[in-house]
Each structure stands twice: as structure tokens, then as C-alpha cells.
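Here is a friendly walk through a few local features of this structure. Keep the view open as you read.

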Amino acid sequence: MLHNICRSTLLLVILALALAAMAPAVMAHQPVDDDPDALRASILAHRQAEADRKGALAKKQAEAVALMTPNMAFYDVTHYDIDLDLNPSSNMLSGTVITTATVVDQAINTLDLDLWSNLTVSAATSGGGATTFSRSGHVVTVTLDRTYAVGEEVVVGITYSGNPAGEFFGWSSHLGEHMIWTLSEPFGARHWWPCKDANVDKADALDIHVTVPSNLIVASQGLLIDTVNNIDTVTYHWQTNYPTATYLVSLAIHPYVYQSDWYTPLAGGDPMEIAFYIYPDHVDDVAENYALTKDMIRQFALGYGEYPFVNEKYGHAEFNWGGGMEHQTISSMGGWSEDLISHELAHQWWGDMVTCADFGHIWLNEGFATWSEAYWKETIEGVEVYRQYMDIASYYGGGTIFVEDVENDNIFDSNLSYNKGSWIVHMLRGVLGDVDFFAGLAEYRAQYEYGSATTEQLRDVLEQVSGRDLDAFFEQWIYGEYYPIYSYGWTEGPGANQITLTIDQVQTNTGLFTMPIEVHVHSAAGGQGFTVENSEASQSYVLDVNDVVSSVEIDPNKWILRRVQASVTNPTFEDGILLVNGVHWGTYDTEITSAFNDSIYTGGQEFAFWDCFPTPGGGYPASLPEPLGHGGVPADLLGQYSTVVWVGNNYAGDLNSWYETPIQSYLEVGGNVLLMTRRSYSYLEGSLTDYLGITWSSDSGTLGNCLAVVSELVNIPFTGQQSWNDVYRTAVGPNTTLLFQDTAGFSGPRGIGARVVPPEGGTHREDGGQMVHIAGRPYRLDHDAVLANTTVILDDYFGEPYNGGTTAVPEDTPTVAPAVTVLEPNYPNPFNPQTVMPFRLAVGGHVSLSLFDARGRLVVRLKDESMAAGRHEVRWNGRDGAGRSVSSGTYFVRLVTVDGGTQTRVMTLVR
Ligand SMILES: [Zn+2]
């Protein structure tokens, strides 16, 4: 149930916060950092609340569900006439519901309806006359006045009363005025009215009469037929002639302000009313976003076909839940955000018009509605915003989207039914392409509109439309768990103008995935796109290319819920230490800034800098150079550095940057890695654990101390609480040395620092491939102790500064003064990423040596100084003046000297 998380507010809040988190201005948001994923947790607070309640609700749900009785299979409801009298002063509901049905399959002489046992049934009718009834559990069995044959129409009335207050019906108030609400999903209709409470049997039409105190306004399904003023009360008569599932029948009652807007159908004709029932104190607040509703209806109509209930209305009725509920033709709204509005509106197509046949397939409702939030944004703000929305909805955890046990499992799991559900829709779009995808939706609608559907029925329709076999798709994504992890690399050949791309699926927690994968091949000419069909653990593809390939990306547009690990293919290790920050600036402000200012992570050596996070609002600490980039570190950049120092935290998203960085591949080619982080298990889970040669302890928690095990290192005192840490056994693998242990935090010593030295080194570096790990929050360690240790680790263990990566070129090699001043050809040329530019100076004096790109813009000034006569060589590493790698292309080197004038040569960088 968990309906109170409502549906879309959820994603809305997530989006708002996540997007906000990207902006420095919001860094003031200070979560409790003792919670492991505090920022994420604060974003996902509703989900957590849900999960906590899951156990408590499961039992109640099991009692509630009582799936259809056998008798219910023998009739098909055509109409409900609901006539209720609501007294909010006494919290009493009384009324009569008349059910009209057609007998199917076999003759019946009784008729079962679901009705909660705490409501009292006072009378029943059949065929217009009084009859008897019995009750068992939450089912009322009405004795029919005779046996009804297949095809006959049966009419049964039940008169009942009671107080249905609970999770599905509320007598609430807003600012002192009555606010009566219902929210019946998934199994709550029977809590307040007798019905056949099953999605597979929608009533073809309903009449809803509700009598309430005169000052109240009743919002419900379809069209308002009339209001009748009685002495102290008023009776609203709503009527819908569209098929409606029982859980989509609703009441929202309050002295609302009622406003209208109008939607013109795509085909023209009379406009349809959009009815807004607004809390009087919210009229100004809702106005701006409510005004978007008609544009949303139009955009969804363009994508999904005309609004399904266009002969009646759409509307919003405010209620007291912290979200929304897609009641048919009148969504109940606990907010007025744009995402909430688009989500509930999209449900009118997906959920209301086509309803999941049972709640095991809830993703057909929630996945589509959640995806529609992104789709709406795409229609008005473009595909980049769409992708941003999808990115935020990424869910990489376990669990199946299909809800196996609707009585006990969490139907409304926000990660699975909503977020990953939306990715199913997104991935279908990717697999099918827009033409077949939207044609498929149209056919799905055509076959199942005003009825219900299962995952398999959707699959069959999409297969029929696209001609594509989607069995594996649905099997792996709906009934399987997790996602693929692709590791890939490429080489030139076998033929001219060919490359061979190899893609491995390296996930270990689930089986192989069958998916088409987009491939983008980059070259100086711009590149080419391919799509490869992938289903095996390791698969190679020969691609015909029309230019020299500089790099290859797979799934560049993120059509797949996956992780991608590019391989580090041509490491140069030429640039020393790359320091990567994974500690959230806004949260750990002074702790992390002071650590950087004391240069504790880099042993006092020079380094380049990379930041997992966006630039902090106040700029970077003085001790840090401008970062080369943000997020995950790309493979080609990684390979330029001989050592990576990663300062992690698993907080607010840095772990994703780690996952996006091909660390394992980097180690295998010979890069060295120092990882300092809390929650280490998440970083090292799987093959990196094996690489490091450790075995995790089942303990995790707050560290007690950090004692050096080897003589060259020193103990590290803590400067703050070291909670949320994972530890390992002190026994380690043959190539691994335990560096630090905790002897105070657990029952016995636990490993919290280790170093592995692979005996063979890495493929591109004999002494490389070393990894050192130190557990603990890296910003709550004694600075002097850390600095002493990183000095040893980087100098003695890793051999930094490392200069064995490339043939060292002396920058200035004066020789005998040449006769003329000349700029010689650079070598190599073409080059990747570095080249040497030799020149001879006949006379000493001021020299300017600069690089320009093909458009004549200055890339970097390499020399601007007085130089002696003689031959000189200057190396260029393919970086601009800010240290950023420049792209492939043509560059000009220009030498300006006192006697030789200006000389220019052309060179080509091919990445
Ligand atoms: Zn929803």
C-alpha cells in the first residue's frame, strides 16, 4: 500500500533536491553526516519511511487482499450506483450501492461482493426485492432471488453503514473545515463501499450520489449531473460512462474554491473542462503550475493518443496526503508541483485507461507515469533535461520489478516500481526507437484501453509492432535483478578502416543481459554511430570506420540502465599523481578543506586534481589546482597518470564517480592506486576485493583506532568520529601486506589498511599495479600522521615522482649555435598525446613558442622567455593552458624569435 508516499511527490522531491544539489547555492543543505547516505537519504526520505512501514503493513495487507472469490469469476460488473450519506460530525457513512452485472461462464444463485467487516449491512436486494445475505470475512454473499443464467443481467443492492475511517477513507480537516477523502489503491475500495474489488473487472459506468453538509463540495468521477439542495445538506450526483477500476473511484470533499480551465481536443471540437478543486488558502500557490495542465494534456495526447476521458473532464482535488493519487478524471492532489501534476495526469492513460491487471504488474502504472514526468520535460525543455531526469531515476540495487507476492511484498517500492519501472519504459524506447516505441504504445492502447493488461500483454504488443523478440528483455529486466556492467576495449584492424570492439559483461550478481548497445566511434571527422546486439559474456565486433578512430564510447546516450567500464588501453603514466576528491564540499566543509590545505593526501608531491563533485560555491581551497574535470575519471586521462590518490566517502554520489572510473583496468595496465575512504566495501566489492587480497569481516561500524602494522608507517590518530566503516580479516593474500589494523573497535583486531604488489606488475609497467587501501573517513585523521604515511606510500611504495612512463625528453639541450634559426618538424607527427618540437636558435634572445588550434585560437604558450643560442626541444603533452586535454585535430606551432621572424608548422593530434 504505502500509498501515502504518493506516487509522484516522491520523484518530485528527489528531482528538486538532486537538481538543486548540483547548484552550489544549495550546498548549504547540511544533512546529518552520521547517516551513511545522508544526503541521498534525505532526498529519499519518503521511501525510507515506506520501507520502515513495510513490515508493519504486510500483515494488514495480507488480511486485506483476499483475492477474488470463485463466485466473482462468474459475473462481470457493468454498473455501480453508489448512494452515500456522509456525516462528518459523527463520522458516519450510510448508504446503498446497487451493483449491476452480467453473468458469465456459469449460472449463479448468489453473488459475492467485497466489503470490509466493520461496516454493518442492514439490507440486501436482488431483482428489486429484499433478500438475505451472509458475511464471511470481508465478503458479503447476497442470495439472488433466483438462479441467473449466463448472459442474464443481475442487479443486487446492499444497504450498509459504519465508520470506514482508516488508511483508505478519512474524516480530516483543513484549516478547521471538513476534508473528507478516499484513497483506495490498492485494495481499499472495499473499506468504504461494496464492490468486486479487482482490476480485471472494471464497471462500464458509475453513478455516485453523495450527500454532505451544505457548505461542502464533493469532487468525484466523470461529470457533475446535478446538485440538489436539501434542508441542511446537499447531494452531488457524479456520473462517468468510462470503464473505471474500483481503486480509481474517489471522493474528495471540502468547501473548495472551484476553478476551471479548458482543453481543446487534438481533433478540435468542444473544449473539455479541467476542474480544479482548491483549498481556499492555496488558490494563489497552485495557479502557476495548474496552468500547465492543459499543455501537459496536449503533449501526452500527442504522444499517447487523445486524453482517454475527453468526453467528461480532467481535474485536481486537493486532499491531505503528501503526494497525489490518480483517481480517474480527478486526481487527488497533496501538492502542486509540476512533476506531481504530470505524473498523475499521465496515469490517466497508464494506470487508469490501461490498468495493471493485478498489482504484481504495478510498474505498468507507476513506471509509465514516472517516465512521463521526464517525457513531459523533454517536450518542453529538450532531450538533455529528459536524460537528466532519467539519470536521477537510476536505481542500481536489487529486487525484481515484478511484485511476486502482492499480499506481502511492497507493491509501491519507490526504487523498483517507480524509478526502475521508468527505466524499463526508457529502455524500451531505446531498444525500439521512437517510431516503433510510440506505435507500440498506440497499439497497446488500442488493444487494452479501458481494460487491464499484464507485462506479457505489453510485451506481445511491442513484439508485434516492432518485429523484435523481447522475451529476454522482459525476463531480465522485470523478473530479474540488477543491471549489466559492460567492460570494453578496442583495437585497430583486422582490416584497413576497421576496428575491433570487444564488450564483456562483467556483472557477477545476476545473469547476462540481451540488449542492443549503441556505439559511438570518435574521430577527427566527427565520428560514426553503430548499434551492436549484445548478449554474451564476451563479444567482439568488427566495425567499418571511415576515419582514424580516436576513442570509442558505448551507450553514450544512456539508453541502458548499466555501468560501463572503459579500458585503459594506452597508458603513458607520464603525468605523476592524480588526486581525486570524493568528499562532498558542502557537508564536510572545513574538515576536507583543511586536509587539502595541509596536502596530507599527496605526500607533499605535485599533483593534478580531479573532483567528483561540482565546483564548491566558495571555490576551491588555495592548495588545489583547478580540477581537470568532474564526475568519473575517463580512461584516457587516467592512463596519463602514474598514480591515482582517491579520497572517497560514499556520500552524496562520489561512489558513482568511482564506479564510472575504470580503476580495475587502470591497475591491470600498471597504474598505482591509493584509496582512502570510509564504507570501503562499496568501493572494493567484488573483483577489487580479490585484487587487494583481503577477506571482509562481517563486522562494520565505528573504528576504535588505526595502528600501523609495518615499521615504516605510523599510527593514525582520529580527529572525529569514524563511523560507517567496513573492516577485513587480518589474514591477507600472498601478495598483500596488512598495513593498518583496528584493535579497539571490534571483538579482536580487524584489517583497515592493506597493500598489494602484483608480482608481475601491470601489462604496461613492471613495478605498477599496486593498490593501497586505508579505511576510515579520510578527513578525520590526524594530518601529520597521514602526511607521514602518504609520503612513504607515494615515494617508497609507488616510486613517485615516476618518470619511467615515456622516454624523457630534455626540455632544453643547448648545442653549438646553428647557422640559422629554424623551427624543425615536430615528432612524432601525428601524435597522441605528446609530441616534441625542436628548434634551433642562431642567436640568443627572446623566444615565443605557442600552440594554436585550427581556428587560430591560442591553446597554450610553451615558451615566452629569453633563451640561449643552440638547439632546443620542447615537449607538448596535448594539454591547453588550463591543463585540459585538447581534442583531436590540427594544431599550429608558432615560433617567434629575434632573428628568424615568425615560423609556423602544422601538426596533427589523433587521440
Ligand atoms: Zn503514480
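## Two crossing helices

Helix 9 and helix 10 cross in the right-handed sense (right-handed if the near helix is turned clockwise from the far one by less than a right angle, left-handed if anticlockwise). The axes of helix 9 (residues 414-448) and helix 10 (residues 455-466) come within 8 Å and cross at roughly 115 degrees. Axes here are lines fitted to C-alpha atoms over the stretch in contact, with angles from 0 to 180 degrees between N-to-C directions. Helices are DSSP runs of H or I with at least four residues, and strands are runs of E with at least two, numbered from the N terminus.

This is a predicted model: local features need pLDDT of at least 70 and side-chain atom pairs 80 or more, while totals for chains, interfaces and linings use all residues. Residues are numbered from 1 along each chain as its sequence is written, and side-chain values use heavy atoms, without hydrogens or water.

## The zinc site

His343 (NE2), His347 (NE2) and Glu366 (OE) coordinate the zinc ion at 1.9 to 2.0 Å. Donors are N, O and S atoms within 2.8 Å of the metal (3.2 Å for Na, K and Ca); water is not among the atoms, so sites may look incomplete. His343 lies in helix 6 (residues 338-347) and Glu366 in helix 7 (residues 363-381), 23 residues apart.

## A three-stranded sheet

Three strands form an open antiparallel sheet in the order 40-41-44. Strand 41 (residues 835-841) pairs with strand 44 over seven bridges (pairing takes at least two DSSP bridges). Val836 has Arg875 in strand 44 as its bridge partner.
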